[in-house]
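This briefing walks through one protein model, grouped by topic, for a reader who has the sequence and coordinates open. Please read the points on confidence alongside those on local detail.

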Amino acid sequence: MRIPSLRGMSTRLCATIALSFLGAALSAAEAGVAELRRALPDVHVAGDGAAPRMIYRPGGFLSGPDGFLGGPGASGKAQPVAGDADLARDPHRSVRRFLDTYPAIYGAGSQLDTAEIAKDAVSPRSGMRTTVWQQKIAGIPVLGATLVAHTTNNGSLVTVGGRFLPDLVQVAARNQKRTGAAAAPQVDAAAALKRALKAIGTPDLERKQVSSSLSPGPEQRQKLGMPGVHDTQAELIWFQGDDGLHLAWRIRYELDHGFAYGSVVDADNGDVLEHRQITIVCGDCNAPANADPHVAHVAHVPARAVAQKQSAATPLATKAAQISAAPFNTVQMRVFTGESPKPMMPGLASPNPYYEPPTVPSQLITIAPDPLASPNGWCNASASTMGNNADANVDHNFDRLADRRAAGTIGGGGSTLTFDFTPDLTVAPQSTTANQDAATVNMFYWMNIAHDRLYKHGFTEAFGNYQSENFSRGGLGGDPMIGTVQTALGRISNNASFTDANSDGVSARIIMFLFNQVTPERDSGLDAQLIIHEYMHGLIMRMINGGGVHYGGTYWPQGRSMAEGYCDFMGICLTADPNDDTSANYPFCAYLTRQTSPDNYYRGYRQYPYSTNMSADPMTLSMVPLFPGQEVHGMGVLWGSVLWDARAALIDKTDGTTGTNMILDLVLEAIKLTPPEPTLLEARDALLLADVVLN
Ligand SMILES: [Zn+2]
């Protein structure tokens, strides 16, 4: 059954403006695309024809199970074909046939077998297979030379996209000087890091000593240690320049002020080839329209803050990897089970400045981890807020060392573990250890809730989720989500941030700042919606376009906006009662945004409440031009509203629980089917495709 209420999506995405890309010069790839269009007139090619980011048919599949275009089963729910030995032998046959039929598009007809399969994962919800191929030369990956395909459980081709070098062998031969056994970099990783630091204006760091620990392998993957620079990883890649391939270092590093960067530095001459700030700041849509939060916040950090610290801290990620099975039969935690200490969902029907609902007490509850998502429970033998899925801690000075984790009390002869800390909301959050521990436990609880809920809808180990131990279920372990509460960095407040390592197997970090526009400050570790919002950024990074995209593929304003919208949506969806009025107003982070927004229990952190009522939440596609430049949260509300409308429609057609499960399945499946750097309309198409795949 397709979901009828999704067919029209919502009035929000009527295409009143054209979102298209300028065509490049006619190329062989474009000729291939033209040929494809003749065979499948309704095909959509995301991006210019010279380098399609993704190819799909809105509402249908590119091929039937036999791999031929437009064959039987080219749309509709996929049914497994019993005894299809050929498919079992070659699960990628439809991809292969597509590429062989249109070799010019990706230049990859017969080259599929020369690339390495970087990911091959099957959705537990739909049976859809996601495969990512990565081209390598001399064992070193070519940056951006990936191909991503999705096939149904009976072998129909849903999407294909990416970019392959048209002839890897010839390219390698042309670069023989660099690709042979003697492909030694002329500039080592430490020197490359210093060049990257110089490029972002930190010459004082440039003179420090750098140590490195090298892992075996042609990529020369290594961790670098340097005072004032943290969680640094470097690896060799091939960078595709206009003049050919450059052997280069891809370096990911973080400075004291909490912002992480990704740089690509030429391994021959030290030139910085690419540079980006990769920490996501989730803040305020009231910022000036052209402010880039990714850059503006860095500029606010006093330079001395960078120079003063000399910490050579061990990355939290490596410390959190020590996990053993939970020995406790019963775990109890005192948490806020609503979205905040002052829960109120739905929110106000109309603006009522400074209205606030009463504070409710936190509750001591018995934890019930999902047995599939968390087979060993949430806690381990450390009896603290460090477990397989999450490591929650207080890190006031942000030296990347936990000031403290909340320690549970062991009772019942060693069988029970209890975290019972009651916060005093009338005093400053940092001022008592009970407040610190209460926020840490609440953070831990909601990160684990996010883990378990999203796991059930498809964010599993094989799709790169965040776990220390992966139980031999695919993907790489060693990467529990790290969440720090009550962090104070320079002048950053009233916000939260997310930084991923852009690599399965390496932890990501959520930083929850204090909200200081009221006295005492409000602790964002007590706000479940913001915690889930940040966690969701990680899911998007790992799953968009099936994963394997350089830094998540949401770096242009529409993509970044949609990331914020997905995250707001998930924060509300996982905390709202699905049996409440679906046509009411739902503010995001109402508790934290007192003063920032005097209408905080009406519209929360954003310019509008999330609502199907167009007079309360009037966002439509036609309003996109009102959000020019780089401010992403305002436009993000549009995408969050689309998802919120879809949720409401599904609940109205079914019931609260069924509708919620349907929209969560759709959203997670759709994120995989979303091309990198998507437009809003492509993301809508991905939701409709997900509906075809799932239903
Ligand atoms: Zn965000």
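The structure holds zero disulfides, and the model from which this count is taken is a predicted one. Across the protein chain the mean pLDDT is 84, and 84% of the residues reach 70 or more.

**Confidence along the chain**

- Residues 15–26 form a stretch in which pLDDT stays under 50, and the model gives this stretch 21 contacts beyond four places in sequence.
- A further stretch, residues 285–323, also has pLDDT below 50, and the model shows 90 contacts for residues 285–323 beyond near neighbours in sequence.

- Cysteine 573, with a relative accessibility of 3%, falls under the 20% cut-off and so counts as buried.

**Cis peptide bonds**

- The peptide bond that runs from methionine 345 to proline 346 is cis, its omega being near 0 degrees, and proline 346 has its place in the loop between β14 (330–335) and β15 (363–366).
- Threonine 519 and proline 520 are likewise joined by a cis peptide bond, for which omega is about -10 degrees, and proline 520 is found in the loop between β21 (509–515) and β22 (522–523).

- Glutamine 220 is a residue other than glycine with a positive phi, near 50 degrees, and it lies in the loop between β7 (211–214) and β8 (222–226).
- The relative accessible area of glutamine 220 is 24%, which lies between the cut-offs of 20% and 50%, so this residue is described as partly exposed.
- Phenylalanine 398, again a residue other than glycine, has a positive phi near 50 degrees, and its position is in the loop between β16 (390–394) and β17 (409–411).
- Is phenylalanine 398 buried or exposed? With a relative accessibility of 0%, phenylalanine 398 is under the 20% cut-off and therefore counts as buried.

**Nonpolar cores**

- The largest nonpolar core contains 119 residues, and those with the most contacts inside this core are Met333, Tyr566, Met570, Trp639 and Val667.
- Helix α13 (residues 433–456) supplies the largest share of this core, namely eleven residues.
- When its neighbours within four places in sequence are left aside, methionine 570 is in contact with Leu454, Ile532, Met536, Leu664, Val667 and Leu668.
- Another core lies apart from the largest one and has 39 residues, among them Ala190, Leu197, Trp238 and Ala267.

**Cavities**

- How many cavities of 30 Å³ or more does the model have? The count comes to two, and the second largest cavity has a volume of about 30 Å³.
- The second largest cavity is lined by Ile540, Ile544, Thr554, Gly559, Met562, Ala563, Tyr566, Thr674 and Pro678.
- Helix α15 (residues 557–573) contributes four residues to the lining of the second largest cavity, and this is the largest share.
- Tyr566 links two of these topics, being named in the lining of the second largest cavity and also among the residues with the most contacts inside the largest nonpolar core.

Technical notes: Residues are numbered from 1 along each chain as its sequence is written. This is a predicted model: local features need pLDDT of at least 70, side-chain atom pairs count only at pLDDT 80 or more; totals for chains, interfaces and linings use all residues. Side-chain values use heavy atoms; hydrogens and water are left out. A disulfide is a pair of cysteine sulfur atoms within 2.5 Å. Buried means under 20% relative accessible area, exposed over 50%, partly exposed in between (1.4 Å probe, protein chains only). pLDDT is the predictor's confidence in each residue, from 0 to 100. Contact means heavy atoms within 4.5 Å. Helices (H or I, at least four residues) and strands (E, at least two) are DSSP runs, numbered from the N terminus. A nonpolar core is a set of buried Ala, Val, Leu, Ile, Met, Phe, Trp, Tyr and Cys residues joined through side-chain atoms within 4.5 Å. On a 1 Å grid over the protein atoms alone, a cavity is a set of points where a 1.4 Å probe fits but cannot get out, and a pocket is an open set with protein on both sides within 12 Å along at least five of seven lines; lining residues have an atom within 4 Å of a point. Grid points are joined across faces, edges and corners, and a volume is the space filled by probe spheres set on the points.
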